[in-house]
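Biologist: I would like a close look at a single part of this model. Please keep the answer connected.

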Amino acid sequence: MARSRKIDPRSMKQLNKQMILHYLIENGPCSRMELMKKTKLASSAIWRITEELLDEEFIEQKEYYVKTNTKKAAVYGPTKSFAASLIVDVQVLQTTVALGFLDGSWEVLDVFPTNGFDDFSKRICHILESEISDNRMRKDRTKIVFSLPGIVDDKKCELLYAPNLKWHDVDFKRCFGKYNFEIFADNDSNLSLLGESFFAKDIESSGSAFFLYLGEGIGGAVLIDGKIFKGKNFAAGEIGHSILSVNQSVAEAEELLSISRLVERFEELNDMSIKGNLRERFERLVEAWHSGNKFACEVVDEFLKNFVIMLKNIGYFINPQIIVFGGAVNNIWETFGTKIEKQLSDMDKYGFLNGIKFRDTIFKNISPSLPGSNVAAINRILETISSIQ
């Protein structure tokens with residue numbers, strides 16, 4: 001007769017502890033009573049675990065209370081006494097460095113042009129040394145996360161190749177390991193989708209999703225059964241290097257769908273140079289398109305024709321439940337969704353796109369890879385919470 005396997009009480013307690021902290025991170029501060037209702041744990045377990053989390057400085061009591069039938073109840077939420085992550089969000093034109101916290105928020109520390117790797121490395125080292133001296137980073141908890149526009153071996157923390165940066169074979173552990181923090185590196189599209197899967201209910205509950213990252217280049221990420229699928233050589237989702245054939249010419253998708261090149265083409269036709277970052281320049285293009293500017297309409301029409309072809313390819317090949325758009329520009333669907341839907345419907349003669357949800361990223365005012373980087377650090381903290389004293 002087979003023996004029944006006993007559940008290790010310590011393991012169960014640890015899972016419950018992770019569940020409570022995850023709930024507070026994902027949903028925000030709440031009372032112990034709400035935690036009891038949502039987790040179905042006994043009152044004694046909730047009290048014991050929240051006291052442990054308070055002692056370990058993972059959560060803190062907030063300065064306000066919620067009313068119950070008989071009294072005011074204390075409210076608890078993730079602490080901001082230490083940084084969960086130092087985020088280095090590398091884009092082709094600029095790099096953003098931020099501190100990320102357990103409550104999912106972040107604080108931008110610096111934004112600077114992405115030049116050669118030597119200059120980049122010196123700037124990151126300077127920021128690290130400054131932040132270490134401020135004591136907001138803890139070597140036993142804070143993670144350093146690099147979000148990169150290229151092919152990344154996330155197991156070794158190596159950037160294999162970033163064509164638009166002309167960086168290759170960069171070992172981030174070797175470059176920054178002297179500071180003795182745990183280091184992560186991943187592709188910006190993968191991190192964007194990771195952030196969505198943590199905070200967006202529709203992604204969390206779906207079996208599959210695709211993130212289409214739009215910026216100076218174009219990238220993609222694939223989620224299957226709740227996990228980011230990266231492929232044998234870490235190139236899964238790299239849609240920018242697929243081939244499109246339009247008007248009897250062949251080009252990589254990145255050449256046709258880069259937001260940077262879309263804006264540059266509009267500025268060339270108008271014989272103008274618009275100052276600002278890529279998001280601001282795109283907004284000027286959209287304003288011109290709404291006002292009927294012929295050059296704006298010309299470049300947008302060409303862009304959307306290629307964009308819809310790419311979406312059909314993604315929808316037919318991967319057939320995900322959700323396709324999310326974001327990157328340097330986070331309002332593609334809000335701006336062009338009606339036109340995209342119409343063109344997709346005309347092309348979808350087999351009905352394979354029926355029911356697929358299209359939307360913009362939930363992260364509106366920042367590159368979604370930045371909060372996604374913080375999620376990577378948060379997930380690691382949740383995984384290792386039992387070993388942190």
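In what order do the five strands of the open sheet lie, and what is the pairing?

Modeller: This is a predicted model, in which local features need pLDDT of at least 70, side-chain atom pairs count only at pLDDT 80 or more, and totals for chains, interfaces and linings use all residues. Residues are numbered from 1 along each chain as its sequence is written, and side-chain values use heavy atoms, with hydrogens and water left out.

The order of the five strands in the open sheet is 14-13-12-17-18, with mixed pairing. Strands (E, at least two residues) and helices (H or I, at least four) are DSSP runs numbered from the N terminus; two strands pair if DSSP finds at least two bridges between them. Strand 14 (227–229) and strand 18 (357–360) are the edges, each pairing on one side only. From one strand to the next, the twist averages 25°. Strand 13 and strand 14 run antiparallel and are joined by three bridges. Lys227 in strand 14 stands opposite Ile224. Helix 12 packs on the sheet, where it touches strand 12, strand 17 and strand 18; its direction makes about 155° with that of strand 18 (axes are lines fitted to C-alpha atoms, for helices over the stretch in contact, and angles run from 0 to 180 degrees between N-to-C directions).

Ile340 touches Leu304, Phe307, Val308, Leu311, Ile332 and Trp333, leaving aside residues up to four places away in sequence; contact means heavy atoms within 4.5 Å.
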